[in-house]
There are 2 protein chains.
Amino acid sequence: MNLFIEQKDKILTAGYAPAPFMLDYRKKLSIATLANYLVHTAELHAERNGFGVEKLQSKKHSWVLIRLAIELKRAIHGNSNLHISTWVDKIFGITTLRCYQIAQDDEVIGYASSVWSAIDLEKRSPVRMTEIFPDKNIEVTFEHSIEAPQKLPSFSPFKYGLPFEVGYSSMDINKHFNSMRYIERCFDILPLEEALPETGFCKRAVMNFNKEALHGERLVAGYCKDAVNDSLYHLSITRVDEPETVLFAIDYYR
Amino acid sequence: MNLFIEQKDKILTAGYAPAPFMLDYRKKLSIATLANYLVHTAELHAERNGFGVEKLQSKKHSWVLIRLAIELKRAIHGNSNLHISTWVDKIFGITTLRCYQIAQDDEVIGYASSVWSAIDLEKRSPVRMTEIFPDKNIEVTFEHSIEAPQKLPSFSPFKYGLPFEVGYSSMDINKHFNSMRYIERCFDILPLEEALPETGFCKRAVMNFNKEALHGERLVAGYCKDAVNDSLYHLSITRVDEPETVLFAIDYYR
C-alpha cells in the first residue's frame, strides 16, 4: 500500500496514493485515514529499525498508541501522493515520543506527534523501551512545529449519538476496537454542515486513547462545542453502562 | 494505492499490497475491503478505456453498482500482494456485466462478478451504455467460473442489530452511504465465533445494492441463518421506519 519507503538519518519516509474510496465526501483524506497512514508509517519505521510489532511480540510485548496530535495547514486532497516522514524524537521512561511530517505536492502541509508505550502482553503493564532494547540508539532531533499531544481533561458531552457495539469490521488483530474507528465514530455524530463543511478541514486534532474495548461491548460517542473557542469540539467515547469511563477523547479544531 | 496497472487484450490487472490496518482480526482481508479493491479496479479499467466516472460525470451520468458476487477458494492473507484482473463480459441493454479474477501467490484464488448500470444523474434513471458511447467495443470473452450475481429474494431477518445513522465517515463523494459500509454493518451483527471464526473465510457472498441512503438516515441491519444450508446467512439493511424497504441484501456463505 505504500508506494515507496526510504530512510535517511534515522528518518523514514513512505509515499502513499490514497484510493478514491479512502476519501471523504469532500474528496479529502479523512483524519481517521490519515491516522491509519501515520500508524502504518510508524510500524514501517519500527520494523526497519528492529523494534517492530512482530519483534516485540516475539518478546511477549507490543506497542500501544496512547496519544496523537495532528496539525494541518490545508486539507489533503486525493489527486497527488502523500509523503509521510517519521522519527523517534525522544524516549522518556516508559513512553516514546514519535513525530511525523506530512507533505503533499512538494510542500510540508502538516505535522503530527504521538506518544507510544511498549507493554508487557502478559502483565498488561507498560515497560521501558530501553529495557527491551538496551542498545538501541534511535532518537533523532529534527525541527518541527508541533508539541507533544497533551492529556485531555474530563468533560461532559451534552449530545450523544446512538449506542453501538464493537463488531467484526472494527476489531484489530488483537481483537480490540481499532483505534482509528474511535475517530470515525466520533466524527459520525458531529453536525455535518457546521463541523465538517464542504470547504473546511481539520486544523488540529488531539486524541487520547485511554481504554480498550472488546468485541460486543456497547459504546457511545458524545460531543460538546467549546464554550470559548467556536471552532473547537470536545468528543469522547464511553461505555454505555459506565459513562464516566472515557475510552477515547478527541479535541477537534475545525 | 495500486502497485501497478497493466492492460492486455481488454483485461486490466492491478496489484495491491494490503496494509496491516486493512486486515481483519484474523489477519485476513475482509470482504468489504476486497469489494473496495474490486470497485477500484473496475474504475481503473473504465477510466483507462474512456468510460470512467469522470468522463461520465462530464456527460451528467455516473456508474451505479447494482449487484456483486464474490467466490473464494481460500482466505486472502496480508503477507503477499493481491492481483485483481477485470474485464467487461457483456453489455445487456441497460446493464453491464463486469467480471474479476483474484490471484495471490501466483495462484487464482477466486472470482467475482458484478452488474453495473450507467444512470442519468438528473433523471436518476438508468441509460444504455451504448447510447452514451455508441462506438465502444469493450466486451471480451474470458473463461471464468462464476455466474452473474442473482437477485436475492425478500426475507425477514429474525435478529436485528442496533440502529445506526449514516454519518460523515461512511458517506461517499455523492453524499450517499458508501456501498462498502453496507457490508461492514451487516458483518458487524453476525455472531463472531459461529459466523466469522478465526480459521474460517467467506466462500461466497452475493450482494444486492437496491436503494441509496443519505446522511442522517437511520438504518438497521438484520440477519437470519438459512433453514437448509447451515453455512449460509441472509443479511439485509433496511430503514428503521420502513423495514419492508431493503436497501442492501447479502447472502454470505461461510
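**Where the domains meet**

A: In chain A, 22 residues of domain 1 are in contact with 22 residues of domain 2, contact being heavy atoms within 4.5 Å. Quick housekeeping: residues are numbered from 1 along each chain as its sequence is written, and chains are lettered from A in the order written. This is a predicted model, so local features need pLDDT of at least 70, side-chain atom pairs count only at pLDDT 80 or more, and totals for chains, interfaces and linings use all residues, while side-chain values use heavy atoms, leaving out hydrogens and water.

The domain assignment (automatic or from a database) puts domain 1 at 1-149 and domain 2 at 151-253. Taken over C-alpha atoms, their centres sit 21 Å apart.

Between them, about 2,000 Å² is buried, 56% of it from carbon and sulfur atoms; that's accessible area (1.4 Å probe) lost when the two parts are put together, summed over both. On the domain 1 side, A:Tyr25, A:Arg26 and A:Ile31 supply 29% of the area buried against domain 2, more than any other three residues.

The domains share two salt bridges, meaning a side-chain nitrogen of Lys or Arg within 4 Å of a carboxyl oxygen of Asp or Glu. A:Arg124 forms a salt bridge with A:Glu212, with the closest N and O atoms 3.0 Å apart.

Which elements of domain 1 give two or more residues to the side touching domain 2? They're helix 1 (31-48) and strand 3 (61-72) of chain A, DSSP runs numbered from the N terminus (helices H or I, at least four residues; strands E, at least two). Strand 3 gives the most, with eight residues.
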